[in-house]
Amino acid sequence: MTHLTIGKLAAATGTKVETVRYYERAGLIPAPARTEGNYRSYRPQDLERLRFIRRTRDLGFSLDEVRALLDMAEQRDRDCGTVDAIATGHLEEIDRKIADLTMLRRELSAVIESCSGGTVADCRILEAFAPTPSEVRDGSPPAENSRESRQSSSAAG
């Protein structure tokens, strides 16, 4: 396997052809050589690079982080402290998202538990999602404590 078409490269990595083109435009994959018929011709190194990109993107790294990691991966004798810093920063962001999702899950679970059946007119879930009169009046987002107090009153009734 010395050269691959864009379709074969995409298929080998589970990537859409348009995504491969996007990564080229973004500078993550070097522009490939062209055949006499003007088709892209990728090398085995491009396949490995795209696999690296796919894996890091699957792990949630941003394009800028992927670009930085690719740059460092090409400098084999460089200290890996920067790689560690990027990975650690990304892990901290994941932990923040998990904490946010955990809080969101708790809030939504409490709202769902407050449901005692009945009609939509008396639905505690819909009531919890509705803005308070002050939110409607001034257009401001709900304060955290007002949301919690609504949930507490909803759970009680």
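I take buried to mean under 20% relative accessible area, exposed over 50%, and partly exposed in between, with a 1.4 Å probe and protein chains only.

**Basis.** I worked from a predicted model, in which local features need pLDDT of at least 70, side-chain atom pairs count only at pLDDT 80 or more, and totals for chains, interfaces and linings use all residues. I number residues from 1 along each chain as its sequence is written, and side-chain values use heavy atoms, with hydrogens and water left out.

**Entry on Ile112.** I located Ile112 in helix H5, residues 81-113; helices are DSSP runs of H or I with at least four residues, numbered from the N terminus. Ile112 has 47% relative accessibility and therefore counts as partly exposed. I also looked up Leu126, 14 residues from Ile112 along the chain, and found their C-alpha atoms separated by 9.8 Å.

**Entry on Asp46.** I found Asp46 in helix H3. Its relative accessibility is 3%, so Asp46 counts as buried. A polar atom of the Asp46 side chain lies 2.8 Å from the backbone nitrogen of Arg43. Leaving aside neighbours within four places in sequence, I noted Leu9 and Pro30 in contact with Asp46, where contact means heavy atoms within 4.5 Å.

**Entry on H1 and H3.** I looked up how H1 (residues 6-13) packs with H3 (residues 44-58): the angle is about 45 degrees and the axes are 10 Å apart. Axes are lines fitted to C-alpha atoms, for helices over the stretch in contact, and angles run from 0 to 180 degrees between N-to-C directions. I recorded that H1 contributes Leu9, Ala12 and Thr13 to the contact, and H3 contributes Asp46, Leu47, Leu50, Arg51 and Arg54.

Terms used. Helices (H or I, at least four residues) and strands (E, at least two) are DSSP runs, numbered from the N terminus. A polar contact is a pair of N or O atoms within 3.5 Å; within protein, one must be able to donate a hydrogen and the other to accept it, and residues adjacent in sequence count only if both atoms are side-chain atoms.
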